[in-house]
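Trainee: I have a structure open and would like to work through it with you. Can we take it step by step?

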Amino acid sequence: MSAVAIAAKVEAFVRDVVAPYERDPRCGAHGPSDDLVAELRAKARAAGVLTPHILADGTHLDHREVAVVLHAAGLSPLGPVAVNVAAPDEGNMYLLGKVATADQKVRFLAPILAGEARSAFFMTEPATDGGAGSDPSMLQTLATRDGNGWRIDGRKAFITGAEGAKVGIVMAKAEEGASLFLVDLPDPAIRIERVLDTIDCSMPGGHAVVAIEGLKVTADQMLGAPGDGFKLAQVRLAPARLTHCMRWLGACTRANEIATDYANRRQAFGKPLIDHEGVGFMLAENVIDLKQAELMIAWCADVLDTGALGTVESSMAKVAVSEALMRIADRCVQAMGGTGVSGDTIVEQVFREVRAFRIYDGPTEVHKWSLAKKIKRDWIAAQ
Ligand SMILES: Cc1cc2nc3c(=O)[nH]c(=O)nc-3n(C[C@H](O)[C@H](O)[C@H](O)COP(=O)(O)OP(=O)(O)OC[C@H]3O[C@@H](n4cnc5c(N)ncnc54)[C@H](O)[C@@H]3O)c2cc1C
């Protein structure tokens, strides 16, 4: 089946089956409950749209193809988790598919692919401890040799889905440098201190502050070699940034549909809102921003499809798309008046989700700063 046909199936499933769950009371402040996720995934499995970006023979769609499928999944904030293309699982599946050993794939990847296990990526550390955030080199969590294996100690923050996850990828500093470890969850040595109250609410388990105290892992639970952590994280980084763009583009497409419907039906001062230039222009700017975001994603996906790491291109795409989506979501809220800030539609949720997206997977300023450093390097090289 072509990617376009897969996307059409996913879109029909998300619009017809998933969207009616958007008001389900199990959609909590810390994300949809695991019970709701299981119910949605059973329906996705039956409809043949579970984990749609990885084919039955294990083939991963290319990035350009993933873009159309994840856009379709993103049409509801519940869509990605329902069809198993949500963050952080989608990025973790990608990373493990590329770099895990055969045994690691059976133990850690297969249950995520099957939609039976959620996973979490443990990198960021509490700002109050002076740990890794925008600057990953500030990593404090330690991995020390313990017999043939390792012992890990530290604290992590903002770990999406840690509560309820069955697979963890933990970044810790060994003598050789940052390293990645695969762990089964829950583990008594990984304690959820608290789940943060954050602006967004689409990701199951929310975002947790976690204490890791005397976690024992065997040598075969290391991903790659000691010191490979940042190199391997790079494998995940650019594609994962871009898939966020794809899903949230889907969400903003839907928010814009809702705002457009409102502006055409709702009357003020004797005519539909859309006939007032102020509102019509907001919707016009939305379709321009939506198209620019789509093209930016397609351009970056093409670069990744050449096999390049796409670090610079994904930084540019992440900034351009997340900032465009923020403008789109804000205009949707504004065009809908009071209804826009109410829970009667998903528009206010999309606004909150996109706000958080401007921070995770690299805040806008960090991407611009690294682009500025490259501009300077290129200028010096050209002298
Ligand atoms: C909803 C959400 C989910 C997340 N999920 C995960 C997860 O699953 N796993 C994980 O490991 N982490 C996760 N994170 C953490 C995320 O990656 C970090 O929040 C991000 O890297 C920023 O780090 P920080 O919060 O410590 O901000 P800080 O490092 O304290 O930065 C604060 C601000 O300073 C500015 N800044 C920083 N550096 C520069 C610079 N060089 N130039 C200009 N300005 C700069 C930026 O505006 C930035 O927003 C998540 C975060 C959020 C909000």
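Predicted model: local features only at pLDDT ≥ 70, side-chain atom pairs only at ≥ 80, totals over all residues.

Trainee: Are W150 and F181 buried or exposed?

Mentor: Buried means under 20% relative accessible area. Both W150 and F181 are buried.

Trainee: What kind of aromatic pair do F357 and Y360 form?

Mentor: The centres of F357 and Y360 are 5.6 Å apart. The angle between their planes is 45°. Stacked needs under 30 degrees and edge-to-face needs over 60. So this pair is tilted.

Trainee: Which residue lies over the face of F357?

Mentor: F357 is buried, as is Y360. At 4.6 Å from the ring centre of F357 lies K318.

Trainee: And which residue lies over the face of F121?

Mentor: Look 4.4 Å from the ring centre of F121. The residue there is R236.

Trainee: Now the ligand. Which atom of the ligand does a polar side-chain atom of S134 lie 2.7 Å from?

Mentor: A backbone N or O atom of F121 lies 2.8 Å from a nitrogen atom of the ligand. For F158, a backbone N or O atom lies 2.9 Å from a nitrogen atom of the ligand. The side chain of S134 instead reaches an oxygen atom.

Trainee: What share of the ligand's area does the protein bury?

Mentor: Taken alone, the ligand exposes 970 Å². The protein buries 68% of that.

Trainee: How many charged residues are in the shell around the ligand?

Mentor: The ligand is surrounded by 16 residues, and T160 and E365 are among the closest. Strand β5 and helix α12 (364–382) each supply at least two residues of this shell. Nine of the shell residues are nonpolar and five are polar. The number of charged ones is two.

Trainee: Last one. Is L325 buried or exposed?

Mentor: L325 sits in helix α9, residues 311–335. Its relative accessibility is 0%. L325 therefore counts as buried.

Notes: Residues numbered from 1 in each chain as written. Heavy atoms only, no water. Buried < 20%, exposed > 50% of the residue type's maximum accessible area, 1.4 Å probe, protein only. Phe/Tyr/Trp six-rings, centres within 6.5 Å; stacked < 30°, edge-to-face > 60°. Lys NZ or Arg CZ within 6 Å of the ring centre and 35° of its normal. Near = heavy atom within 4 Å. Polar contact = N/O pair within 3.5 Å; in protein donor to acceptor, adjacent residues only side chain to side chain. Areas by Shrake-Rupley, 256 points an atom, 1.4 Å probe, with all protein chains shown as cover. Helix = DSSP H or I, 4+ residues; strand = E, 2+ residues; numbered from the N terminus. Nonpolar A, V, L, I, M, F, W, Y, C, P; charged D, E, K, R; others polar.
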